[in-house]
Amino acid sequence: PVGTGPFKVDAMAANRWRLSAHAGSWRPPQVDKLELLVLPDASSRVQALEAGRVDVALVIGPDNIEALEAAGARVETFITATTFAITLRTTAGGPLADVRVRKALNHAINRERIVASLLAGRTVPSGQPGTRGVFGHDPELAPYPYDLARAKALLAEAGYSGGFAFTLDAATSSTAADASVFQQVQADLREVGVTMTINTMPYPLFLSKTVRTEFEGDAFPISWAAWPTLDTLRAMEMHSCLRLVPWFCDPALVPVMKQALAERDEARALALRRQVARALHDQATGLLLYELPVFVGLSPQVRDFTMVGYRIFYDRIALAP
């Protein structure tokens with residue numbers, strides 16, 4: 001590793017890096033040294049923070065908040081410029097190819113309950129590709145409202161009054177409380193007669209299947225990620241005909257996205273992004289659920305810690321005097 005960053009690497013091992021301050025950086029650091037440890041599961045990171053072994057514990061669960069605060073630590077929440085979603089394979093035929101069915105599934109999900117009960121109320125429900133603060137976010141584009149009667153009516157209109165079944169292929173423990181979220185979505189859909197079977201797999205296998213959309217199931221949790229560019233186009237292109245093996249394709253949106261990418265006028269560029277976002281919302285390409293939070297545990301001596309997207313600003317880490 002060579003560069004002009006705030007730290008230089010003194011030693012590297014498979015699960016531990018030691019770094020020291022690079023005072024000549026254009027982003028001078030606030031601390032003299034830094035040690036990065038690989039602790040593969042959230043429980044080990046929480047225990048290390050409680051024991052004083054580490055000062056920062058990344059990617060912990062919302063269920064750890066109470067215990068850490070009781071131990072004198074604090075937990076901060078950062079929104080990752082990502083909308084967490086369950087993507088539906090609309091190109092594979094079957095019930096999910098019908099927009100009325102997809103809208104019905106969206107109306108069946110109680111997003112507010114998921115945020116309040118499973119994510120400690122530290123984020124907001126979403127129904128669009130861009131999170132707050134991302135270029136292209138539309139404050140007027142609301143999530144589908146929780147409406148079981150409307151969901152059942154749309155299913156009946158589409159010919160599925162008796163419900164249907166589909167499979168979700170998913171990796172768990174890759175984002176905060178994701179296993180619990182999938183189970184809650186499963187329970188919500190059951191209320192309108194839809195059975196969602198959850199097929200779990202290791203995260204590396206899930207990523208491998210994502211490359212060419214080689215899932216056996218009908219849905220999978222592919223979030224709408226706008227980082228590191230903080231531009232909704234990055235997320236929307238992934239959920240379009242521009243993908244090598246698309247799971248949703250509306251050819252009419254491709255020229256609009258290309259025009260948005262080339263547009264130099266900021267107001268027109270923003271309007272084009274919002275046009276695409278609204279079209280994708282109306283097509284209900286998946287179950288867009290909430291702005292994805294990352295929970296970070298901090299010891300009492302950490303005065304400042306900042307993340308944008310998934311990027312840590314190492315130069316801003318500061319300790320209490």
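A nonpolar core is a set of buried Ala, Val, Leu, Ile, Met, Phe, Trp, Tyr and Cys residues joined through side-chain atoms within 4.5 Å, where buried means under 20% relative accessible area, exposed means over 50%, and partly exposed lies in between (1.4 Å probe, protein chains only). The model described here is predicted, so that local features need pLDDT of at least 70 and side-chain atom pairs count only at pLDDT 80 or more, while totals for chains, interfaces and linings use all residues. Residues are numbered from 1 along each chain as its sequence is written, and side-chain values use heavy atoms, with hydrogens and water left out. Helices (H or I, at least four residues) and strands (E, at least two) are DSSP runs, numbered from the N terminus.

**Nonpolar cores**

- The largest nonpolar core has 45 residues, and L105, F166, V185, L189 and Y290 are the ones that touch the most other members.
- Strand 10, which covers residues 286-298, gives the most to this core, with five residues.
- If neighbours within four places in sequence are left aside, L105 is in contact (heavy atoms within 4.5 Å) with L88, L96, F164, F166, L189, V194 and L287.
- A second, separate core holds 23 residues, including F220, I222, F248 and A277.

**Pockets**

- A pocket is found on a 1 Å grid over the protein atoms alone, as an open set of points with protein on both sides within 12 Å along at least five of seven lines, whereas a cavity is a set of points where a 1.4 Å probe fits but cannot get out; lining residues have an atom within 4 Å of a point.
- Grid points are joined across faces, edges and corners, and a volume is the space filled by probe spheres set on the points.
- The largest pocket holds about 930 Å³ of space, and among its 31 lining residues L34, E35, L36, L37 and V56 lie nearest its centre.
- Strand 2 (16-21), strand 3 (33-37) and strand 4 (56-60) each supply at least two residues of the lining of the largest pocket, and strand 3 gives the most, with five residues.
- The lining of the largest pocket divides into 21 nonpolar, two polar and eight charged residues, where Ala, Val, Leu, Ile, Met, Phe, Trp, Tyr, Cys and Pro count as nonpolar, Asp, Glu, Lys and Arg as charged, and the others, Gly among them, as polar.
- The second largest pocket holds about 550 Å³ of space, and of the 22 residues that line this pocket, Y203, F206, L207, P221 and S223 lie nearest its centre.
- Strand 5 (74-88), helix 6 (178-190), helix 7 (203-211) and helix 8 (232-238) each supply at least two residues of the lining of the second largest pocket, and the largest share, four residues, comes from helix 7.
- In the second largest pocket the lining is made up of 13 nonpolar, six polar and three charged residues.

- Helix 10 (266-283) and strand 10 each supply at least two residues of the lining of the largest cavity, with helix 10 giving the most, three residues.
- By class, the lining of the largest cavity has six nonpolar, seven polar and one charged residues.
- The buried residues of helix 10 include L280 and H281, as well as A269, L272, R273, V276 and A277, and what covers the buried residues of this helix includes strand 9, helix 8 and helix 9 (254-262).

**Backbone and loop details**

- Most residues other than glycine have a negative phi, and most peptide bonds are trans.
- The peptide bond from W227 to P228 is cis, with omega near 5°, and P228 is found in the loop between strand 9 (224-225) and helix 8.
- A120 has a positive phi, near 60°, and is found in the loop between helix 4 (111-118) and helix 5 (148-157).
- A177 also has a positive phi, of about 60°, although it is not a glycine, and its place is the loop between strand 6 (165-170) and helix 6.
- T90, in the loop between strand 5 and helix 3 (99-107), is buried, with a relative accessible area of 12%.
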